[in-house]
Amino acid sequence: MPTRNIIEVSNLSKTYRKGSAGEVKAVDEVCLEVPEGQFLTILGPSGSGKTTLLNLIGGLDKPSGGKVILDGLELSKLSEGELVRVRREKVGFVFQAFNLIPTFSALENVEVALAPTDMSKNERFERSIELLESVGLGQRAHHLPVELSAGEQQRVAIVRAFANKPRILLLDEPTGNLDTKTGREILRICHEANKEQGQTVVAVTHAGYVRGYTNRLLFMRDGKLFSQIPQEEFEEPV
Ligand SMILES: Nc1ncnc2c1ncn2[C@@H]1O[C@H](COP(=O)(O)OP(=O)(O)OP(=O)(O)O)[C@@H](O)[C@H]1O
Ligand SMILES: [Mg+2]
């Protein structure tokens, strides 16, 4: 039996008005099917529409045209309340800028992702510590984001997205401004979650080395998706 598509995107578009520059088609008639359990990477240069596409898939933004079906649910047909629930229960987001809560410790940032579950306070604490330990941050649990390196903050953001065991993980530039070694460590963590827990992962990035950790690669340019593009354009700067 063929694997079911957990993400189905058809003719998806997002147009922004940009003052005198006219309109920008940040996402332009994109069609995409992602089978459950796939680790998909979308590689594209800055401004190609990666963040916009990811936000549309995760229901954080509304399309100008087309549709997104997540786990059988068409997002545009959901009420605001239903959409919030779908996002909370099915989707883990790692944002380009981490978005950790600055006044919360690493531990509290992870615990807060478990607040909507029916776990007790103690269970939430134990699961959060366990997650932080799994990425080597057990000793840093009580530090504030500002006291952590970029790589450590990114690891907190990633375990926070995993905390609730969402079926879909959306990673926006998961290796961000990290050095290649830390970036590879982050990818290894995502790869393990994908392999061991069967989570579907969609990562968007400009970092060419991400391709080594995934099982499908697409390219984005000017709001459109391609299955092949000359790879030289995506080499990392030296
Ligand atoms: N809120 C907005 N208003 C107007 N234009 C926008 C908005 N958000 C994005 N854009 C434009 O849409 C295009 C795609 O932007 P997007 O952030 O999706 O690109 P990206 O591939 O994620 O880039 P980067 O690699 O730099 O993060 C760009 O031309 C951008 O300027
Ligand atoms: Mg972006």
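**Group meeting: a ligand shell and a buried isoleucine**

Good morning. In the shell around ligand 1, the largest share, 3 residues, comes from α1. Please bear in mind that the model before you is predicted.

Let us stay with this shell for a moment. Ligand 1 is surrounded by 14 residues, and the closest are Tyr 16, Ala 26, Ser 46, Thr 51 and Thr 52. Two elements, β2 (23-35) and α1 (50-57), each supply at least two residues of the shell. By class, the residues around ligand 1 divide into 9 polar, 3 nonpolar and 2 charged.

I turn now to the protein as a whole. Its secondary structure comes to 6 helices and 10 strands. The radius of gyration is 18 Å, close to the 18 Å that the globule rule gives for 238 residues, so the protein is as compact as a globular protein of that length. Along the principal axes, the C-alpha atoms fill a box of roughly 50 × 45 × 45 Å. Of the 238 residues, 38% are buried. Among contacts between residues at least 6 apart in sequence, 71% join residues at least 24 apart.

Ile 158 lies in helix α5, which spans residues 150-162. Is Ile 158 buried or exposed? Ile 158 has 23 other C-beta atoms within 10 Å, and the cut-off for a buried residue is 20 or more, so Ile 158 is buried.

Which residues is Ile 158 in contact with, leaving aside its neighbours within four places in sequence? They are Val 94, Ile 186, Ile 189 and Cys 190. Finally, consider Phe 95: Ile 158 and Phe 95 are 63 residues apart in sequence, and their C-alpha atoms are 9.3 Å apart in space.

Thank you.

Definitions and conventions. Residues numbered from 1 in each chain as written. Chains lettered and ligands numbered in written order. Predicted model: local features only at pLDDT ≥ 70, side-chain atom pairs only at ≥ 80, totals over all residues. Helix = DSSP H or I, 4+ residues; strand = E, 2+ residues; numbered from the N terminus. Rg over C-alpha atoms; globule rule 2.2 N^0.38 Å. Buried ≥ 20, exposed ≤ 12 C-beta atoms within 10 Å, placed from the backbone. Contact = placed C-beta atoms within 7 Å. Near = placed C-beta within 6 Å. Nonpolar A, V, L, I, M, F, W, Y, C, P; charged D, E, K, R; others polar.
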